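Biologist: I would like to learn how to read strands, helices and cavities. Can we go through them one by one?

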Amino acid sequence: MPLSAESNELLPEAELLARLFPGGGEMGARIRQLDWSQTLLGPVRTWPQSLRTAVSINLGSQFPMMVHWGPQLVHFYNDGYATILQGKHPGALGQPAEPWWREMWPFLLDIFQPVLAGQTTYFENSLVLPNRRGTVEEAYFTFSHSPIYNEAGVVAGIFVTALETTATVLQHWRLALLSHLTAQTALSALPAEAAQHVIGALATNAADIPFALLYTHEPAASHAQLRAWFGLPAGEPAAPAALPLVPDFSSPGWPLAEAVRRSAPLLVENLTERFGSWPTGEWPEQPSGALLLPLHNGLPGSAATTVLIVGLSARRPLDEAYRAFFNLVADYAGRALARADAAYEAQRLNQALREANTALDSFVHIVAHDLKGPSTNLRSLLEVYHEESSEPVRDHVLTLLDQEATRLADTVQGLLQVLHTQHGAAASAPEGVAFADVFATVQAEVAELLHQQYGQLTADFQAAPSIYYPRIYLESILKNLVHNALKYRAPERRPVIEVRTHRQDNLVVLTVTDNGRGIDLARDRDRLFQPFTRLTAEGEGVGLGLHMIQSIIQQRGGKLDVSSTPGVGTTFTVSLPNAPSA
C-alpha cells in the first residue's frame with residue numbers, strides 16, 4: 001500500500017527526497033543528493049508543501065525553470081535552466097540569489113520586488129549581463145516571473161520561466177548590418193565612397209564591432225593607407241594614417257603583412273599591451289582583441305590588397321557564430337569594394353573611350369585637311385605641266401611638284417610617327433640611362449645649327465644624373481624640346497638654352513629653359529600639344545613634335561608642363577617616373 005503523507009515524514013531524509021522528487025534528470029539527482037540541512041532552508045521534512053510542490057513542478061518541466069524561495073531567494077532549477085546558468089551551475093543550487101548574482105543584482109532586484117508584491121512580469125528579448133564564464137557577457141532572454149504563495153496566502157517565492165534568445169537577437173542585428181552594408185555600398189560611385197559606406201555600416205552595430213579600420217595597400221607602396229575608420233581617432237598609435245607592412249607578428253602595431261600572407265582572418269589579442277590605453281566603446285570594458293580580415297574581390301585566386309581590422313566585443317566570446325559573422329562581413333565588404341572599383345574603372349574607361357573617339361574625330365579632320373592640300377596642289381600642277389609647252393615653266397612646275405610630293409610624304413611619315421607613339425611608347429622596356437650621354441647625342445645633332453645662330457646650350461645633371469627610362473624616348477623628348485627652342489628663338493638675341501634635372505619624390509624632373517620669343521599661353525595653351533599644329537608659319541616641320549613627346553610622357557605615367565612669358569622665354573618641365581615598372 002502507498003504510504004500516507006504522515007508516514008512519509010517518518011522516512012529518513014534521503015528516502016523522503018527520493019519519494020518527493022523522483023526523476024528530474026541531472027538536477028533531480030542533485031536535489032536528492034544535497035544535504036539540505038546545511039542550507040538556509042533546512043531539512044526537507046521542514047519544508048512547506050507549497051515549496052515541495054513548486055520544486056516538483058520545476059523538475060517535471062522540460063522548459064527552463066527556476067524557483068527562488070524564502071527571504072534570501074534560494075535557488076532551485078531544472079536541467080533546462082542549468083544550460084542557461086553555464087558556469088554558475090551546479091554551485092547555484094540551494095544558494096541565495098545574492099551574492100550569487102551580485103554582478104546584476106540591481107537589475108534583478110527591480111524585477112523581484114514587484115513579483116514579491118504579487119505581480120507577474122514578462123520581458124521579451126531583454127538584455128541581461130550575467131557572469132557565467134568568468135566575465136560579464138552580453139546575453140538576451142525572454143522570461144517571466146510569477147509569485148508563489150505559501151499556505152498562509154503570502155508570497156514566499158518566485159517562479160521563473162526563461163528562454164535565452166541571445167543567438168536569435170545577435171543574428172537579427174548581424175543580418176541587419178549585412179543588409180545595410182549591401183544597400184549602402186550599392187549606391188557608391190567611387191571607391192572612396194564605398195570604403196566610407198562599409199565602415200558606416202559596421203558602425204551600426206557597435207556592440208559587436210567596437211571599432212573598425214580599413215587599410216588599402218598598393219602593390220608598389222611600402223605602406224598601407226588608412227581609408228576609413230570608426231571607434232578610434234585616426235592618427236593614434238592604434239590607427240595610424242600609414243601602416244608599414246611589418247612581417248613580424250610580435251612587433252608592435254597591426255601585423256598587416258601576416259594577414260595578407262595568410263589570406264585568412266588573423267586574431268590579434270592583448271590590445272592594451274600592444275597599443276596602451278584604449279577607448280571603451282559600447283561597453284565599460286576595453287576590447288581585448290581584434291580580427292584582421294583580408295578582403296578579396298570575389299574572384300578565385302585574387303590577392304588581397306585591402307585589410308579590414310574589426311574590434312571584438314569585450315562581452316562576447318569569439319565563438320563559431322561570431323567568427324561566421326565576420327567571415328560574412330569580409331565577404332560582403334570585399335565584394336562591395338570590388339564592385340565600386342569595377343564601376344569606377346568602367347566609368348574611367350568609358351570616359352577614355354569618349355576622349356579617344358573625340359580625338360579620333362579630330363585626328364581624321366586634321367589628316368583630311370593636311371592631305372587635301374598637297375593632293376589638290378599635285379593634281380593642279382600636273383594639269384599645268386601637261387598644258388604648258390614652255391620648258392622653263394615646265395621645269396618650274398616640276399620643282400613645285402617635288403616640293404608638294406615631299407610635303408605629302410612628310411605628312412604621311414608624321415602620321416606613322418603618331419601611330420607608333422600612341423601604340424608603342426608604353427610597351428618599350430626601360431633601362432638605366434645617364435642624362436649626360438643623351439645630352440651629348442642631342443648636342444652633336446644640333447651643333448651646326450647652334451653654330452649658325454651663335455647659340456649656347458648648357459646642361460646641369462648633378463641633382464639627378466640618371467634615370468630608369470627607355471633611352472630612345474628620352475632622346476626624342478630632349479631632342480624635340482631643344483629643336484623647338486632653336487626654331488622659335490627671338491630674332492633680336494642669340495639663343496641660350498639650359499637643360500637641368502632634379503629629383504622630386506619618386507620622379508626625376510627634366511627642365512629645358514630658353515630665352516626665345518615665348519608663348520602666349522592664355523591664347524595658345526589648348527592648341528600647343530595638338531597634332532599637326534604650328535603656332536607660327538616660320539620654320540620647318542608639320543607640328544607633331546610636342547604632341548608626340550606628350551603622348552610618350554603620359555603613357556609612361558609622367559607629366560609635361562610649360563610656363564612661358566612672351567618676349568622673355570619658355571620653360572618645359574618633364575616629370576618622369578624613375579622605376580623599372582614605369
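Predicted model: local features only at pLDDT ≥ 70, side-chain atom pairs only at ≥ 80, totals over all residues.

Biologist: How many bridges join β7 to β8?

Modeller: Pairing is read from bridges. Strand β7 (residues 223-230) is joined to β8 by three bridges, and the two run antiparallel. As a place to look, His223 stands opposite Pro244 in β8.

Biologist: How many bridges does β10 have to β9, and how many to β11?

Modeller: Strand β9 (residues 266-269) is joined to β10 by four bridges, while six bridges join β10 to strand β11 (residues 306-311). Both pairs run antiparallel. On the β11 side, Leu295 stands opposite Thr306.

Biologist: How many residues of β10 are buried?

Modeller: For burial, the cut-off is under 20% relative accessible area. Seven of the seven residues of β10 (residues 289-295) are buried.

Biologist: What is the strand order in the open sheet of five strands?

Modeller: That order is β2-β1-β5-β4-β3, again with antiparallel pairing. β2 and β3 (121-128) stand at the edges; each has a single partner strand, so one side of each is left without a neighbour in the sheet. Neighbouring strands here are turned by 25° against each other on average, direction ignored.

Biologist: Which strands form a hairpin, and how many residues lie between them?

Modeller: β1 and β2 do, with four residues between them. In the turn, Gly70 has a positive phi of about 85°. The two strands pair in the antiparallel sense over four bridges, and Trp69 stands opposite Val74 in β2.

Biologist: Are the faces of β2 covered or open?

Modeller: Both faces of strand β2 (residues 74-77) are covered. Val74 and Phe76 are buried on one side, as are His75 and Tyr77 on the other.

Biologist: Over how many bridges do β4 and β5 pair?

Modeller: They pair over nine bridges, in the antiparallel sense. Tyr149 stands opposite Val155 in β5. Next come the helices of this sheet. α7 packs on the sheet and touches β1, β3, β4 and β5, with its direction at about 30° to that of β4. Helix α4 (residues 49-60) lies across β1, β2, β4 and β5, running at about 165° to β1.

Biologist: Where is empty space left?

Modeller: Rolling a probe the size of a water molecule over the atoms shows where that is. This structure holds three cavities of 30 Å³ or more. About 240 Å³ of space lies in the largest cavity.

Biologist: How many residues line the largest cavity, and which lie nearest its centre?

Modeller: The lining has 19 residues, and Tyr81, Trp101, Met104, Leu108 and Val128 lie nearest the centre. To describe a lining, sort its residues by kind and then by element. By kind, 16 are nonpolar, two polar and one charged. By element, β1 (65-69), α5 (79-85), α7 (105-116), β4 (139-149) and β5 (155-164) each supply at least two residues. The largest share, four residues, comes from α7.

Biologist: Is Leu528 buried or exposed?

Modeller: Leu528 is in helix α17 (residues 521-528). Its relative accessibility is 8%, so Leu528 counts as buried. Distance along the chain is a separate reading from distance in space. Leu528 and His547 are 19 residues apart in sequence, and their C-alpha atoms are 8.0 Å apart in space.

Methods
Residues numbered from 1 in each chain as written. Heavy atoms only, no water. 1 Å grid on protein atoms, 1.4 Å probe; cavity = no way out; pocket = protein on both sides within 12 Å on 5 of 7 lines; lining within 4 Å. Points joined across faces, edges and corners; volume = space filled by probe spheres on them. Nonpolar A, V, L, I, M, F, W, Y, C, P; charged D, E, K, R; others polar. Buried < 20%, exposed > 50% of the residue type's maximum accessible area, 1.4 Å probe, protein only. Pairing = 2+ DSSP bridges. Axes fitted to C-alpha atoms, helices over the stretch in contact; angles between N-to-C directions. Contact = heavy atoms within 4.5 Å.
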